[in-house]
Amino acid sequence: MLALATPLKTRLQALPQLTGWAVRVGTELADRRPVPAADVRCSGASVADSRTGAAMVAPEWTVTLVVRRSDTAADELDAAFAAVFASLHAWQPGQVAGRGWEPLTLQRVTEPLFADEGLAGCELVFSTSARYLSGNT
């Protein structure tokens, strides 16, 4: 499920609306200070279906958009939000790391909490799912 980080990052880096943004994933060694930024992380997973020999695992992928507070921050975030939504909602990653992934769907949007009062942002949470087979059948 964590193998989805690379195709998600690649897809976001290709967006013209994110040109000049630091696009990074939570597992890579990267300076987290540069903004504007789009930070991609697997924030958890649920098990949508579990049967003997298999489980349908549904990870949630959070894309946190971050800008410096300014008179144009809302417009920057709105443009980035629209672009990320259009790029990821209903996008099917296909085969990644030997698993067929279902299309991503937007689950919720929240405001992130930042330690730095000079930052503003929003978090888009997407989910997908794939079947994992057990070796105990």
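## The largest pocket

In this predicted model, the largest pocket is lined by Arg24, Arg32, Arg33, Val35, Asp39, Arg41, Val66, Arg68, Phe114, Ala115, Asp116 and Leu119. Two elements give two or more residues each to that lining: strand E2, which covers 37-51, and strand E3, which covers 54-68.

Arg24, Asp39 and Asp116 are among the residues you can look for in the lining. As for the space itself, the pocket has a volume of about 170 Å³.

## The chain as a whole

Now let's step back. The protein chain has two helices and eight strands. Read from the N terminus on, the order of the elements is α-β-β-β-α-β-β-β-β-β, so try tracing that pattern through the picture above.

The C-alpha trace spans about 60 × 30 × 25 Å along its principal axes. The chain has 137 residues, and 38% of them count as buried.

## One side of helix H1

Helix H1 runs over residues 5-13, and its buried residues are Ala5, Leu8, Lys9 and Leu12. Why do these four end up on the same side of H1? They cover an arc of only 95 degrees around the axis, and that puts them on the same side of the helix. Notice that Lys9 is on the buried list along with Ala5, Leu8 and Leu12.

How many disulfides does the model have? The count comes to zero. Cysteine 42 is in no disulfide, and the nearest cysteine sulfur, which belongs to cysteine 122, is 19 Å away. A disulfide calls for two cysteine sulfur atoms within 2.5 Å, so the 19 Å between the sulfur of cysteine 122 and that of cysteine 42 is too far for a bond.

Are these cysteines buried or partly exposed? Cysteine 42 has 24% relative accessibility and counts as partly exposed. Cysteine 122, at 12% relative accessibility, counts as buried. The cut-off to keep in mind is that buried means under 20% relative accessible area.

Serine 127 sits in strand E7, which covers residues 119-127.

Serine 127 is buried, with a relative accessible area of 14%, while glutamine 107 is partly exposed, with a relative accessible area of 42%. Glutamine 107 can also be placed against leucine 88: their C-alpha atoms are separated by 12 Å, and the two residues are 19 residues apart along the chain.

## A glutamine in a loop

Where does glutamine 92 lie? Look at the loop between helix H2 (73-88) and strand E4 (94-96). With 46% relative accessibility, glutamine 92 counts as partly exposed.

For a sense of distance, pair glutamine 92 with glutamate 76. They are 16 residues apart in sequence, and from C-alpha to C-alpha they are 26 Å apart in space.

Notes. Residues numbered from 1 in each chain as written. Predicted model: local features only at pLDDT ≥ 70, side-chain atom pairs only at ≥ 80, totals over all residues. Heavy atoms only, no water. 1 Å grid on protein atoms, 1.4 Å probe; cavity = no way out; pocket = protein on both sides within 12 Å on 5 of 7 lines; lining within 4 Å. Points joined across faces, edges and corners; volume = space filled by probe spheres on them. Buried < 20%, exposed > 50% of the residue type's maximum accessible area, 1.4 Å probe, protein only. Arc of directions from axis to C-beta.
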